[in-house]
Amino acid sequence: AAVLYVPFSVISEALTSPMATAGRDVNPMAMLEAMGPRLVLLFFFMAIVMPIVTGALTFAISERYLGRPTSIGECYRRVLRANVFFPFLGALGLKYGALFVLYIASFVIIFMAAAAGGLAGSLTGILVALPFSIGMIVLLVYTVVRLILVEPAFIVEMKGAGSSIGRSWSLMGGSVGKGFVLALIAGLVIVLISGILTGPTQAIIAIKAQQGMHAAPGVHILNTVLSTLVNVLTVPLYSIVVILLYYDVRIRKEGFDLELLARELDEKSNAVDARGASALPREEIRPTEYPTEPGPPGDEGQ
């Protein structure tokens, strides 16, 4: 993760550091203008960098899980191939596009429920909209969890963008509760780590901004280092949870480990049968456990 997250953090900090924004007024509008380049970079990060890292991590963790060695370069080469990366972006686009549409639809439905009969903004309107709000939140969370395995399904099985969406939906059927709890725990751990490491420096920067001043350059540099460390630590953590959930579901639903073991045994059997030997080592059978007559010196225990 550090291969791409460290350069991103350095560039992002360079665009918004006190030296880059020297001479500008510290007010909300000026700060918003100064954040423009960083917002563009953040969009690029979310749309390009994070999928690359996620794909590389998926491949790396999968190879480790299956007991096969790999390298950082091999993982990135796997993801950055044109016939992998662009369909992978398509799968992520379908996933987050569907969630965005559902998110907007939730707001529309809730607003329409509250506005029915001119009740919007009143206590009665809030009470009317509350069941719809709860229902749409549950539906949104349910959909997020059902689509949580899109990334590993694509990287491991390479079935295409649309098929990966369907694959995740199918695999998570009956495992939504487990997926929700695991994602919640991982999210809480990530928030806790982030709050502990970057909370103090971000608080100093925010306080100084409210006072109309820039924080010291050293504070910005420290915040960049700590933010980078948080990304490097937490992104693999969440990816590990999702990828192992993927294999756990496949094991329980499809007997994935049994299938893999059977294939390995078949390959081993074919290799040794060609030499006229048994596929599995035969246990040596001894006629008696304890000899009735003592053997020659140095023969004890044989």
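Is Leu245 buried or exposed in this predicted model? At 3% relative accessibility, Leu245 counts as buried, where buried means under 20% relative accessible area, exposed over 50% and partly exposed in between, with a 1.4 Å probe and protein chains only. The points below place that residue and several others in their surroundings.

1. Basis of the note. This is a predicted model, in which local features need pLDDT of at least 70 and side-chain atom pairs count only at pLDDT 80 or more, while totals for chains, interfaces and linings use all residues. Residues are numbered from 1 along each chain as its sequence is written, and side-chain values use heavy atoms, with hydrogens and water left out.

2. Overall make-up. The chain has ten helices and zero strands, so that reading along the sequence gives the pattern α-α-α-α-α-α-α-α-α-α; helices (H or I, at least four residues) and strands (E, at least two) are DSSP runs, numbered from the N terminus. Of the 302 residues in the chain, 33% are buried. The accessible surface comes to about 18,300 Å², and 70% of it belongs to carbon and sulfur atoms; these areas come from the Shrake-Rupley method with a 1.4 Å probe, and for residues only the protein chains shown count as cover. Among contacts between residues at least 6 apart in sequence, 71% join residues at least 24 apart, a contact being heavy atoms within 4.5 Å.

3. Helix H9 and Leu245. The residue of the opening question is found in helix H9, which covers residues 217-254. Not counting residues up to four places away in sequence, Leu245 touches Ile148, Leu149, Met172, Lys178, Gly179 and Leu182. One of these, Gly179, is 66 residues from Leu245 in sequence, yet the C-alpha atoms of the two are 7.4 Å apart in space.

4. Tyr246 is found in helix H9 and is buried, with a relative accessible area of 0%. Leaving aside neighbours within four places in sequence, Tyr246 is in contact with Leu149, Pro152, Ala153, Val156, Glu157 and Leu171. Its C-alpha atom is separated by 9.9 Å from that of Ser62, a residue 184 positions away along the chain. Thr228 lies in helix H9 as well and counts as buried at 9% relative accessibility; with residues up to four places away in sequence not counted, Thr228 touches Tyr5, Val6 and Ser9.

5. H6 against H9. Two packed helices are described by the angle between their axes and the distance between the axes. For helix H6 (residues 150-157) and H9, the axes come within 9 Å and cross at roughly 70°; axes are lines fitted to C-alpha atoms, for helices over the stretch in contact, and angles run from 0 to 180 degrees between N-to-C directions. H6 and H9 are therefore roughly perpendicular to each other, given that angles under 35 degrees count as roughly parallel, over 145 as roughly antiparallel, 65 to 115 as roughly perpendicular and the rest as oblique. Pro152, Ala153, Val156 and Glu157 in H6 meet Val242, Ile243, Tyr246, Tyr247 and Arg250 in H9. These residues divide into seven nonpolar, no polar and two charged, where Ala, Val, Leu, Ile, Met, Phe, Trp, Tyr, Cys and Pro count as nonpolar, Asp, Glu, Lys and Arg as charged, and the others, Gly among them, as polar.

6. H8 against H9. The axes of helix H8 (residues 176-210) and H9 come within 9 Å and cross at roughly 175°, which makes H8 roughly antiparallel to H9. By class, this contact has 18 nonpolar, nine polar and three charged residues.

7. Helix H7. In H7 (residues 161-171), the buried residues are Ala161, Ser164, Ile165, Arg167, Ser168 and Leu171. They cover an arc of only 165° around the axis, which puts them on the same side of H7; the arc is that of the directions from the helix axis to the C-beta atoms. Gly162, also in H7, is partly exposed, with a relative accessible area of 45%.

8. Helix H3. Cys75, Tyr76, Arg78 and Val79 are buried in H3 (residues 72-80). Seen down the axis of H3, its buried residues fall within an arc of 155°, so they line one face of the helix. Leaving aside neighbours within four places in sequence, Arg78 is in contact with Phe59, Val84, Ile155, Val156 and Met158. Arg78 and Ile155 are 77 residues apart in sequence and 9.0 Å apart in space, C-alpha to C-alpha.
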